[in-house]
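The sequence and the structure come first.

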Amino acid sequence: MRKRVAAVLVAARYLLVGAVTGLVSLFLLPVMLVLLAVVRHTALRWLYEWAHRERVRVAEFTGAPIPEPAPPERLWDARSDLAWLLVHGLTGSVTGLLGVALPLSALNAVVVPLYWWVVPEDEPVTSPYPVTSWTGAAFMPLVALGYALLSLWVTPGLARLQSRWSRALLSPPPGARLAMRVAELTQSRAAALEAHGAELRRIERDLHDGTQNKLVAVAMHLGIVERALRRDPASALPLVLKAQDATSDALAGLRGVVRSIYPPVLSERGLDGAVAGLIANCGVPCSLSVDDLPRAPAAVESAAYFVVAEALTNVAKHSGATRCEVRLSGPAELVLEVWDDGHGGADEEDGTGLVGIRRRVTAFDGTMALDSPAGGPTTLRVTLPRGS
Ligand SMILES: Nc1ncnc2c1ncn2[C@@H]1O[C@H](COP(=O)(O)OP(=O)(O)O)[C@@H](O)[C@H]1O
Ligand SMILES: [Mg+2]
């Protein structure tokens, strides 16, 4: 029951705002027609902005976002926004007032017994019948109950109806949605190529600056050994040991590079096991929750692994947190969340790590959302389609 009342309040608020925007839309309609004839480009932009507000409002009310179409270039592109303006202008205020009037009438009926006798006799309270006696007033609580029960059903129903037709009119048509999707995929393909290129450059750099240098050192040591063997074989032994050390060093470096391409721990222990390993090495106390996590393609798991690794590095380095939590889930798509109770204020523009995460994730057609208000807490949420 409490839930229903809350739903009525939310719906009434939605309808009330809808009544106002409906009224504005009604006034805007003739203005828009004139503007479209005179300064078309500006008018289209305004219409787009106004429709955008409604998209956001409907998305907030229903909890499901409406895909945002590209800003219209021609009048034809704005046809459904114009249709919405017409429909919302004509019906928004009526539905809105109806939805709000019912709960208000219920409220009024409750208090009528308190004030009916002070209003002038020739203009009595008439909701829904003229109240001119105490007997009439005595029935008012019943009337209030009736109104309240009615609004329990009608107000949320009207709000749903309004949000539904707004959604129908404001959603981009299937063709446009397909075009948007193609644009998105083109972008993620470019990001994939870019990420691939960046990864190749990084591996090349690691091999060049690390492994190659170490192998050069090995060769150098072996050269010294050779000379020593010719001159004084007894003095060569410590030099051989040095060369051996240098070889182990080069091998370790090489292993590091291989691990940075695809961490072997992933194939051995799966994503949850690998992440558990990261958590064990995190400087901040951290817990892991895993929920229904089937194996994903190696590329996806390794992207997820690197995301968690970078996020945990950030938590340890920047957050000042006392606690953090990693959540992995999703049979449909891989969802990973890294939460910390630190001071927040993480900003993609301030470094390279978060940008790197976004680039990696975009390459997989995934999403990244960073929520880090000043004062904390910080949540990084990444989704990665499984791709198979
Ligand atoms: N978990 C976090 N809590 C607070 N601040 C953070 C967090 N993660 C990142 N930041 C801030 O956002 C900035 C950008 O992070 P990032 O792109 O990873 O760069 P960096 O290379 O400095 O780690 C960091 O410099 C830091 O100030
Ligand atoms: Mg970082």
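In which helix is the place of Leu 150? Leu 150 sits in helix H5, which covers residues 140–170.

## Basis

The model is predicted: local features need pLDDT of at least 70 and side-chain atom pairs count only at pLDDT 80 or more, while totals for chains, interfaces and linings use all residues. Residues are numbered from 1 along each chain as its sequence is written, chains are lettered from A and ligands numbered from 1 in the order in which they are written, and side-chain values use heavy atoms, with hydrogens and water left out.

Helices (H or I, at least four residues) and strands (E, at least two) are DSSP runs, numbered from the N terminus.

## Leu 150

Leu 150 counts as partly exposed, at 46% relative accessibility. The scale used here calls a residue buried under 20% relative accessible area, exposed over 50% and partly exposed in between, with a 1.4 Å probe and protein chains only. From C-alpha to C-alpha, Leu 150 and Ser 248 are 81 Å apart in space and 98 residues apart in sequence.

## Helix packing

Two packed helices are described by the angle between their axes and the distance between the axes. Axes are lines fitted to C-alpha atoms, for helices over the stretch in contact, and angles run from 0 to 180 degrees between N-to-C directions. Angles under 35 degrees count as roughly parallel, over 145 as roughly antiparallel, 65 to 115 as roughly perpendicular and the rest as oblique. A crossing is left-handed if the near helix is turned anticlockwise from the far one by less than a right angle, and right-handed if clockwise. Contact means heavy atoms within 4.5 Å. For residue classes, Ala, Val, Leu, Ile, Met, Phe, Trp, Tyr, Cys and Pro count as nonpolar, Asp, Glu, Lys and Arg as charged, and the others, Gly among them, as polar.

Helix H1 (residues 2–38) packs against H3 at an angle of about 150 degrees, the axes being 7 Å apart. H1 and H3 are therefore roughly antiparallel, and their crossing is left-handed. The contact of H1 with H3 comprises 17 nonpolar and 11 polar residues, with no charged ones.

On the H2 side the contact is made by Leu 47, Tyr 48, Trp 50, Ala 51, Glu 54, Arg 55 and Arg 57, and on the H3 side by Asp 81, Leu 82, Trp 84, Leu 85 and His 88. Seven of these residues are nonpolar, one is polar and four are charged.

For helix H6 (residues 174–231) and helix H10 (residues 353–363), the axes come within 7 Å and cross at roughly 125 degrees. H6 is therefore oblique to H10, and the crossing is left-handed. H6 contributes Ser 188, Ala 191, Ala 192, Glu 194, Ala 195 and Glu 199 to the contact, and H10 contributes Arg 359, Arg 360, Thr 362 and Ala 363. By class, this contact has four nonpolar, two polar and four charged residues.

## Magnesium site

Glu 310 (OE) and Asn 314 (OD1) coordinate the magnesium ion (ligand 2) at 2.1 Å. Donors are N, O and S atoms within 2.8 Å of the metal (3.2 Å for Na, K and Ca); water is not among the atoms, so sites may look incomplete.

Why are Glu 310 and Asn 314 separated by about one helical turn? The two are four residues apart in helix H9 (residues 298–319), which accounts for that spacing. Glu 310 is partly exposed, at 24% relative accessible area, and Asn 314 is buried, at 18%.

## Loops

The loop between H10 and strand S6 (367–371) holds Gly 366, as well as Asp 365. Asp 365 is a residue other than glycine with a positive phi, near 65 degrees, and is partly exposed at 25% relative accessible area. Gly 366 counts as buried, at 16% relative accessibility. Leaving out residues up to four places away in sequence, Gly 366 touches Val 361, Thr 383, Leu 384 and Pro 385.

Asp 292, in the loop between strand S3 (286–291) and H9, has a positive phi near 50 degrees. Pro 377 lies in the loop between S6 and strand S7 (378–385), and the peptide bond from Gly 376 to Pro 377 is cis, with omega near -5 degrees.
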